[in-house]
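Hi,

Here is the structure I promised to pass on.

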Amino acid sequence: MRKLLLGSWLLILLFCLPALAQDVAVSGRVTSSDDGSALPGVSVQVKGTTRGATTDANGNYRVSASANSRLVFSFIGFSSQEVAIGNRSTVNITLQADATNLGEVVVTGYGGTVNRREFTGASSKVSGAAVSNLPVGSFDKALAGRAAGVQVTSANGVPGGAIQIRIRGVGSISAGSDPLYVVDGVQLNTSNNSSFTSSNPLSFLNPSDIESIEILKDAAAASIYGSQAANGVVLVTTKRGKAGKTQITFNYFKGIADPIKQLDVLNTQEWIQLRTENLVNAGTAADVARSSVLSTLRLPTSLTDADIAALPTYDWQKAAFRQGQTDNYEIGMNGGNEKTRFYVSGSYYTQSANVINVNFKRGTLNSTLTHQINSKLSIDQTLKLSTITSNGQFGGPNGGSFLGAAAFSSPLILPSVAIYNADGSYNGTPALGGIPGILNQNIIQVSELNTIRADINQFVGSLALNYKVTDNLTIRPFVSLDYRSVRGRNFSDPRTADGINVRGRVQDQFNENKNFLTNVTANYNKEIGKSDFGLLLGAEYRSDINENLLTNITNVPTPDFKYASAAALPVSIGGTWTGYRKGSVFGNLKYNFNKKYDLSLIGRLDGSSRFGANNRFGFFPSISGAWLISEESFLKGGRYVSDLKLRASFGTTGNDQLGSLFNAANFPGLGLVNPGFDYNGAAGFAPSQLANPDLKWETNQTANIGLDFGFFGNRITGSVDVFQRTSKDLLLPFNLPFTSGYSSISRNAGEVQNRGLEVELNTVNVRAGQFQWKSSFNITTIQNKVTKLYPGIVPLNNPDSTILLTYTDFYGVGRNAILGRPLQPQYTTDYAGVNPATGRAMFYDYAGNITYRPLIPRDQKYFGTELPKFYGGFNNTIVYGGLSLDFLIQFDYGRRSFNTQTSFLAENAGRNFNALQSTYDRRWQKAGDITDVPRAYNANVEPNSVSGLGGTRTLEDASYLRLKQITLNYDVPAAISSRIKASKARIYIQAANLITVTKWTSYDPEFLNFGSGNSGLVPNSKTYQAGVNVTF
Amino acid sequence: MRTLKSIILSTSLLTVSLLAVTACKNSEFLEVTPRSQGDSQIALTTAEGVDAAVNGIYDRLQNVVLYGRDMLAVSEALSDNAQFTNKSGRLANENRNIQNNTFGTATAAGATWQSAYFAINQANLILDNIGGVAFADTAQRNRLQGQAYFLRALLYHDLSRIYAYDPGVAVATQDRGGVPLLLVGVADQSKITLPARPAVADVYKQIYADLQSSIASFSRTNANAPAYGNRQAAQALFSRVALYNKDYATAVKYATDAIAGTIKLSPNASYVGGWRAPQNPESLFEIQYIVAENIGVNTSLQTTYTTLVRTGDRTATGGFGDLVPTTAFINDLEAEKSATGTVLDIRRQLYELGTAGRGAAFIECTKFLGRNGTINLDNIPVIRVSELYLNRAEANYNLGNTTEALADLNVIRQRCGLPASTVTGAPLLAEIMRQERLEFGFEGHRWFDLKRTGQNVVKAAAQGGGLVYTDNRILAPIPVNELSTNKSIQQNFGY
């Protein structure tokens, strides 16, 4: 098939014959309604054909068209206009500036764009400007709060770290829930292959290079992408060159990042008292307990109370957290003439996190070139190169970890322990026995001496040939390559706890991903009377291959030797290969009648090697329609309603993210034996997976009804969408009895429903002279429910007879799915507080009676979900002359999550960890105390009880409202900027995450739902920055 | 003209698309074969494949939830030998016999059951297929077959003593039977069965059969000992299984057979040194670990038992030392002293004061001390020659052959530097059991020895206060997964 597609290139070249047009020439000038200035780069298209032109630097265009045709003028940020040419040879146009209304252009994939007026699907657009110049490593992080139906969660605050985007809820149980990302037509591989650091495959792209982001949400919009579209599609379009004078833009910003919060923990005296109390309560005599605690701290047991009162307290959090720095340098050039246009840019971005030794550096080079070979042929070429170096903390790609992570350990280390010795050296190195307490590593030493790093090199390039066969037909062959290599390093210094006993450890990773894509599309447009037809046909082939090499070698001579050659004792070497292929054909038929009624039919046939032998091909159709009510005579020209459009769609999309994100398991249907079950130095294997030849994609059926509106001359615009997304054939691990030799087999059986309402509202609140205040608000509410698990799951032995399935999700997180409940449920026992008489932790049993030993599963219940009830954002822009203020408030309500970071601190020194001041203050101390914190008890479990930290006690409300971003821009007046020969100059200052309102008691509520908890994650930070942007 | 051309082109494109689809459907274009995993259909069709599959069973035994830690350390934690130190918090719940905290729990509820049955399925698949595989060397076939039988017997016995009552001491009102017996490998979905729990006697019958097949398959040389299953180890395991089964004559027979084998009891002079060598010279079967298989600082036996990095050096702190001997255990080791007050028992040398690096120092077991040259890397003995003498002594005692019993007891006592004993009657049995406890301290025997003899577990309050034999916690719970996937299986009493 690859050969066939490549062959089609040749086929098309054969038909590259000169044009035979017989038309009149039309020219004119396009200006802006804002200030009457010329608009370069406006697309001028002859309606119903693919013929067109773009305006030059002075806003002029020239196009040939038949006299009875119409011209469509469109430009991002302006309403499109359509005019009949009549017998004119000059058509001058003033475009109305307005960012969000039915005039904007929707990017629909496979090189297509459509005026929103005619678009029948549900999509949201975010401009490149909204996601650039922010202290984030990747654009996806900046989408939070920007678009309805799009939920963005940071896995952690690592710069350039992992992000999770969920479009219209979670529609998968054990398969992946990530949208498909397409950048300039390149379908990206976004699996996270970095073994040692948290990384984000989208961070290769400098957000400033982005022109716009289109988020396709319903089946009508997304089903052209077939089996990859179930979780939505994010289409990124980068900036293009504009004909005219070459513009050179410099952009620089500098910022600082402060921790959002530090945890209030005990001082030395309180800890000694609390730990002693733990031992005494557990039956140790007071004097024995006191000396035991002192000896744990390696203090003389002879200390008097006065000596203890004089002991110092050390602030480990202060040593672990720091002020981060951000620097961003960019230069961009764009220009060209009618035949050739280019956009080239380069950037260098560095960001250090608010935790020591965590940072991110990225250099990018980006070029796009458009060249008109002749009137029939043009080429589009894009190339993006990036190199990233990120230093991280001990932990998995999701970020979470325990002892080795400074964010986790620093509040838990015992407060009497010094960080440095008097001479400035590290206290308590492993060579000297470590530091006292369970966390016996000096985390500052560990963080500073060990190296955990990833170097990620990526290039994403594409080449497309546009062949205009006739005015009605364009054929476009396209090839792209998305290549990424991850060079990971993990060096455990021989002076640290992980390294000392093996005399240092060097681990290296090399991961290469090659994602090749080619397709051919044909676009045919025809206008017959009042009818407009459009037909897209295409065929596509994709091959994605990943290879990984991992080495682990110990014993370096001294800490100065940090590379594998210096290490004497190889521990392990691992290499793996995985890959898949996909072949597809697709088509889209569009019909418009009388500029009022639109109908769109889409179908895609996808075959994938990931699917089982009996189900290799899936078909994904959709149908959608729109009615532009405001064009009807009863509304047209009315004073109040400027635009009104009703949309409806129904269709199916597929999800092919079967297997696992981190292992990129592309063989979910095969019977496999896994290697690595070696013994005594000889190779071994063991069965790992039972074959299921019927395994196939997951199917999503989405119904959507939407209303787009504009009132009062489009001063109020927006959309309301209601949808029902039914996800069927969901991959479920059918749990097998372990006696079968397997724990589960994957079958398509589950069903999840997401029902939701999305509202996007944009208003121009004030427009008075130089003063303008605009708002945009979006909110999404989704009800998620598991409607089907597989039959035969034995109900839990509790009064609810709960049908519960335990599984490991695509991201490696162990979860439960409960029939009739939302996904990601919190299912646990009900903490009932503290017995005021004894201080023991109490729980409710199934009947609501108090018990000290709740039974599992008998006494477990559902206590909410990690999925939000609603989320959204509220953005405001206030402009006065050259001054503009922009601020975004983002909110997320209704998530409930276990706080795994503070649950250790909530132990109240039941083990040798520090404790939270608040749980210390609230703990039960004497009969009659009414509190929610049980008495301190060594090892946290009183006799004949369960742990006092169990059940709902550490389950918290992770809702938050956050002033995500506030920016003040100042456009330097031309009179001043012209002195440095600049055509435009802008200065800006900005702050992010300035205010957070939440009940969450750990560092940050934003990073909790990606992994299995929040312990050890580098939290997000408060950032402040200032920048300057000059265009010559 | 234009129309014609667009028709030609559209037709061409459509043809290309159709060809593409046809190509997809008819060719193997969408077949991608895994390269770093294998196809289960062809895995067991060659001698090399069977060999690799047998290694795969040993690999399971290395798992933390089997011999990597739990078969030894959890067993000690549950028993009256050990106390938890709370230095990492691990095994504290097991040591206090808290409900549901047992073998495998620390990894995942039921993980020991899971690993054992996965390994049994591997053995079953090998035994199902080995007959059809061509071996150039028949001895290799016999050796691999013998190992598969041996390992299946070992695993069924371990499962049975964890999850079921031992023969003859069942608490009748609480007895829910033995562990499910699966003897056919599952290679595809159609082979999955939902087994019920057979009588314990049936399980033992199967173990006997497997051990007999195993002994018959193995050659008389012990070339593969102690890393792999071998004839002498199979005989030794048989003596253990028969002792559990109160089948004393068989226990005596196989103990005697095994004692006659090439691996001999370590003498006094090299006994302690044997515990410092990578392989214990008297191991009949010992799970081997190479550098890449290091269990690491959290759950290896070394870190579980001691904070020391090396013997005699209290300045370097290595592991956590989560589980240490009770004072009573140490006192028992020290009970017999010379006239000058020196402790006679050389096994006391295997216990020493740990570091204070992670809190108060305790006397810790040092049988696992990175003997393979790297911290946390130790080979783990499953069955040693010493056990044969104690098995035979106990069996002979129960057969009324007290002279023979006393003789075997004294082999062990004298080897350890203790004077020969002359006790008779019940004190003789008590002394055999005491030597069993001291000899296999921290090797995972004590809990099972108490259980198979129906005794209460007496512990101090700090270690949870112990269990009477009728307590449901004497048996581990069947994993919830089995109950929810298999209606035929019954949970143990009290869970």
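Residues are numbered from 1 along each chain as its sequence is written, with chains lettered from A and ligands numbered from 1 in the order written.

Chain A has a mean pLDDT of 89, with 95% of its residues at 70 or more. Residues 10-21 of chain A fall below 50, and beyond near neighbours in sequence this stretch makes 15 contacts in the model (C-beta atoms, placed from the backbone, within 7 Å). Where pLDDT is low, the predicted coordinates should not be read in detail.

On to chain B. Helix α7 (residues 138-163) has 26 residues and reaches 37 Å from first C-alpha to last, close to the 38 Å expected at 1.5 Å a residue (1.5 Å times one less than the number of residues; helices are DSSP runs of H or I, at least four residues, numbered from the N terminus). Because 21 of its 26 residues are buried, α7(B) is largely enclosed by the rest of the structure (buried: 20 or more other C-beta atoms within 10 Å of a residue's own, again placed from the backbone).

Leaving aside neighbours within four places in sequence, B:Tyr163 is in contact with residues including B:Trp113, B:Leu475 and B:Asn492.

Cheers

Terms used
This is a predicted model: local features need pLDDT of at least 70, side-chain atom pairs count only at pLDDT 80 or more; totals for chains, interfaces and linings use all residues. Helices (H or I, at least four residues) and strands (E, at least two) are DSSP runs, numbered from the N terminus. A residue is buried if 20 or more other C-beta atoms lie within 10 Å of its own, exposed if 12 or fewer, and partly exposed in between; C-beta atoms are placed from the backbone. pLDDT is the predictor's confidence in each residue, from 0 to 100. Two residues are in contact if their C-beta atoms, placed from the backbone, lie within 7 Å.
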